[in-house]
Amino acid sequence: MLAELSDLSGRAFDATFTKTMRKLWVQFAKTGNPSISADISPDGKAKEWPLYDLENKQVMVLDEFNIHPAKESEVKIVDWERTYFLTKYYML
């Protein structure tokens with residue numbers, strides 16, 4: 001029953017995401033490359049962190065459902081619809 005409740009609350013996902021982020025940071029500290037293989041990834045999926053270059057312009061997306069590379073031009077970096085209200089506080 002408790003496992004079912006954690007799945008509904010999102011906590012099971014949060015725990016996996018947190019463990020994955022820790023693995024990425026540790027891998028980066030050890031090797032200078034945050035990529036992790038499927039065998040050490042908490043969700044069993046490899047995370048290949050691409051090098052950023054001006055030709056491909058790939059970035060790593062850390063969204064709530066998946067950690068994956070994507071072209072920078074295809075990623076919505078700032079959700080202006082959700083953050084527009086902040087402009088009255090931070091714009092002169």
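Here are some questions and answers about this predicted model.

Residues are numbered from 1 along each chain as its sequence is written, and side-chain values use heavy atoms, with hydrogens and water left out. Because the model is predicted, local features need pLDDT of at least 70 and side-chain atom pairs count only at pLDDT 80 or more, while totals for chains, interfaces and linings use all residues.

Q: What share of the residues in the protein chain is buried?
A: Buried means under 20% relative accessible area, exposed means over 50%, and partly exposed is in between (1.4 Å probe, protein chains only). The protein chain has 92 residues, and the buried share of them is 15%.

Q: Which residues meet in a salt bridge?
A: A salt bridge is a side-chain nitrogen of Lys or Arg within 4 Å of a carboxyl oxygen of Asp or Glu. The structure holds one of these. At 2.8 Å, N to O, the side chains that meet are those of Asp-43 and Lys-47.

Q: Which residues does Lys-23 touch, not counting residues up to four places away in sequence?
A: Lys-23 is found in helix H2 and is partly exposed, with a relative accessible area of 36%. Contact means heavy atoms within 4.5 Å. The C-alpha atoms of Lys-23 and Ile-36 are separated by 7.4 Å, though these residues are 13 apart along the chain. Leaving out residues up to four places away, Lys-23 touches Ile-36, Ile-40 and Pro-42.

Q: Where is Asn-33 found?
A: Asn-33 is partly exposed, with a relative accessible area of 34%. Beyond its neighbours within four places in sequence, Asn-33 is in contact with Gln-27, Phe-28 and Trp-49. As for its place, Asn-33 sits in the loop between H2 and strand E1 (58–62).

Q: Is Pro-34 buried or exposed?
A: Pro-34 has its place in the loop between H2 and E1. Leaving aside neighbours within four places in sequence, Pro-34 is in contact with Leu-24, Gln-27, Phe-28 and Trp-49. Its relative accessibility is 12%, so Pro-34 counts as buried.

Q: What is the phi of Lys-57?
A: Lys-57 is found in the loop between H2 and E1, and this residue is partly exposed, with a relative accessible area of 36%. Lys-57 is not a glycine, yet its phi is positive, at about 50 degrees.

How values were computed. Helix = DSSP H or I, 4+ residues; strand = E, 2+ residues; numbered from the N terminus.
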